Amino acid sequence: MIELETYRVKARAFLDSMAPKYARKARSGNTVEQDLALGRQYMAARYDAGFAGINWSPEYGGQGLSNLHKIAFDAKEMHYGMPVGFFGISLGMPVPMMIHYGQDREFVKERVTKALRGEEIWCQMFSEPSGGSDLAALRTKVEPDGNGWRMNGQKVWTSWAQYSDYGVIVTRSDPTVAKHKGLTYFWVDMKAPGVEVRPIKLAGGDSHVNEVFLDNVRLEDNQRMGEVGGGFGLALHTLMIERYIATDSAGFGPHLDEFVKLAKETTLNGRPAIEDGRIRSAIARNHAMRAGLDSITRRAMLMMQAGMQPGPEGSLQKLVAVRSRQKLSELALDLQGTAALPFDEHAYVKEDWGTSWLNAPTGRIAGGSDEVLLNTIAEKVLGLPQDYRPDKGIPFNQIPA
Amino acid sequence: MSILYDEGQQAIATESRRVLDARMDKGRLLGLLEQVAQIDQPFWDTAVEQGWTALALPEEHGGLGLGLTELGLVAQAAGAATSGAPFLTVGYGAAQALLAAGHTDDLAALAAGEKLATVAFAEGSDPLPAGSAVTFSEGKLTGTKPAVIGGLKADLAVVLAIHDWQPVLVVATLTDVTRTAVPSFDNSRLYADLTFAATPATVLAEGQTALDLARDVLARMAVVTAHEQVGGAEALLNIARDYSLTRKAFGQPIGAFQSIKHRIAELYGLIEVARANCIHAAASEGAPDFLIAAADARLSATEAYDTAARDCVQIHGGIGVTWEQGLHLHMRRARTLGIEQGNLLFWEDLLVDQLAGKYQNEGAGA
């Protein structure tokens, strides 16, 4: 297997060669549709250059390299601002799940290649109006229909569903057993009759998430993934795959250097703000926190390199980084005063404090809210008791609404 | 640099914790709080017997030739046990100053635990005064260093003073120095005002070199202390968790209430961030960004230990504030360790100066 440092050099050379056509600068002013088209071109180029499916088996068009190689490439790619956001979920969870559980292996192979090349996009339909954090409270139901199934219900917060060709979905197949036990996992053709996608405009102005309405959607039994009633286990498996994503101690907002720069350029009480104790304290505390997260990441990489399982402290990344990004962004706006008021809704979240601030709440809620993450740390890492759960062990259809 | 502990380092961590678990005694530590000038002798005997005094000194001076990482692991165990002796850190700091200046006569005695050394830099709110109130002239020190850590028992001290209005770092034997005990909220730290009256001393470094050396020694001691703080914070996290699993209120363990479990989970976050910074800082000994790494470790470890002390007591309710339960041992130690080796305000300023300077040097793309 190619040595990691050599691989980084190779990745950098590839990304440099792609940058003029695809990176942040080349994308500025694009509409979402133009950006998606550019993204598809980039994905195809990336596939042809051998940087797609880095840690996937060659049998499915992957490169057969380690998780570390993938993280190394993703971390580098993140700096360039390539138009890959549309494909993040698709290749992050649903497609790997298809590789694990898809019944028709030829169909799976075809889908995987097209997804890697950006020709097709997959979405993940978990959250519902009745349950986000409480996934197992979902109500979308499937009922046997001949040799297949019929599905009715509604999903929400589904990223990129409006551009998706396929999706994976967790449904309730048996309401007479406890809520975790009656779930079944399928893949869905997003163009099938009865599937309707409605984008939701978010506070920051963009509409990457959607409501998905499912009205008498027919599913063949070979669209089922895993056992009937095994859906919750598969949902957990899906979330486990997320462990091998690149982290960002800046919480996917601006780097602390940007704040230092702002503090040096801004005057406060007739002096550079970098000399103000309150600003200095914020810089120092944020630096200490981010440096700690970076060190946790490097140690996790070393552990993986040594064939060990990274420690549970990796679960702190999103919790700690995103909420501190939110507060630092508020402070950056305060620091600029009225100069912070002009707002460009297309500004880049890693360069613009207003955009970073306005979109930070999404980061604290999506993919496990702060509160759920704290519960997980308390229960799974520290062994503290579960919350009071009045619905525990009760058949789903007997839980008081 | 970040590392994974190797087998030897893991053994040091396990063994130091095991020894201290077996030998430390809460009742004895509580007793020390009410006596001025008493060191926890069993801890110090253990430190000498286990070779902790020799750990981070070079082999040619009777040391074991290990470094900050290993000493940090011992400090972490000592912190968990609120061990009652300050010399693990300041003895190491003094030895590093002597070593850097090539003044090696006393190192073997320090390694063997036969002599005790301390560091006398801080004056009030300034951990590193460039214009000290202690003057050095014609080979002699005059003036008072306030609340020197371990000052009541140390045999020698590395002192930051001024000579012709320039900083100077000297070493002095404390035999004839007047020591005035400082009764404190954490008495086993042996704080004493040291009053020098024409006390003979030897120069280790002068001018900017003296200040740079003192800063490096302070940063090293801060990294050791940060490990000690992480050890203390982690002990408190475990105490809080165990208590919240057994104590019941309103028909369930209090650890089932989110106000309690989230508080403990937040502590876990603070501690893991601080631990990661400590590992990075210890492994960055001698590297160009060591000061930054030390500041990160120090800031996050102080926050972790202070927060753990506050929250652990709070989670215990009434029993948490009793003398006998002893959580105040950690509460007191969290604050003394927070003040020793430069307070938060000092490290915040030092870190920002480093970052702002670094930014200037490397330009906007850094």
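This is a predicted model: local features need pLDDT of at least 70, side-chain atom pairs count only at pLDDT 80 or more; totals for chains, interfaces and linings use all residues.
1. Chain B splits into three parts: domain 1 covers 7-111, domain 2 covers 117-206, and domain 3 covers 212-360.

2. Now look at how two of these parts meet. Between the C-alpha centres of domain 2 of chain B and domain 3 of chain B there are 28 Å. Where they touch, domain 2 of chain B brings 11 residues and domain 3 of chain B brings 13. On the domain 2 side of that contact, 9 residues are nonpolar and 2 are charged, with no polar ones.

3. Next, find helix α5 (residues 87-100) of chain B and follow it against α7(B). Their axes come within 9 Å and cross at roughly 150°. Angles over 145 degrees count as roughly antiparallel, which is why α5(B) is described as roughly antiparallel to α7(B). The crossing of the two helices is right-handed.

4. Finally, turn to the meeting of the two chains. Chain B contributes 35 residues to the contact and chain A contributes 36. On the chain B side, the elements giving two or more residues are α7 (207-246), α8 (258-283), α9 (290-316) and α11 (344-362). Of these, α8(B) provides the largest share, 15 residues. This side of chain B has 19 nonpolar, 9 polar and 7 charged residues.

Conventions
Residues are numbered from 1 along each chain as its sequence is written. Chains are lettered from A and ligands numbered from 1 in the order in which they are written. Domain bounds come from an automatic or database domain assignment. Two residues are in contact if their C-beta atoms, placed from the backbone, lie within 7 Å. Ala, Val, Leu, Ile, Met, Phe, Trp, Tyr, Cys and Pro count as nonpolar, Asp, Glu, Lys and Arg as charged, and the others, Gly among them, as polar. Helices (H or I, at least four residues) and strands (E, at least two) are DSSP runs, numbered from the N terminus. Axes are lines fitted to C-alpha atoms, for helices over the stretch in contact, and angles run from 0 to 180 degrees between N-to-C directions. Angles under 35 degrees count as roughly parallel, over 145 as roughly antiparallel, 65 to 115 as roughly perpendicular and the rest as oblique. A crossing is left-handed if the near helix is turned anticlockwise from the far one by less than a right angle, and right-handed if clockwise.
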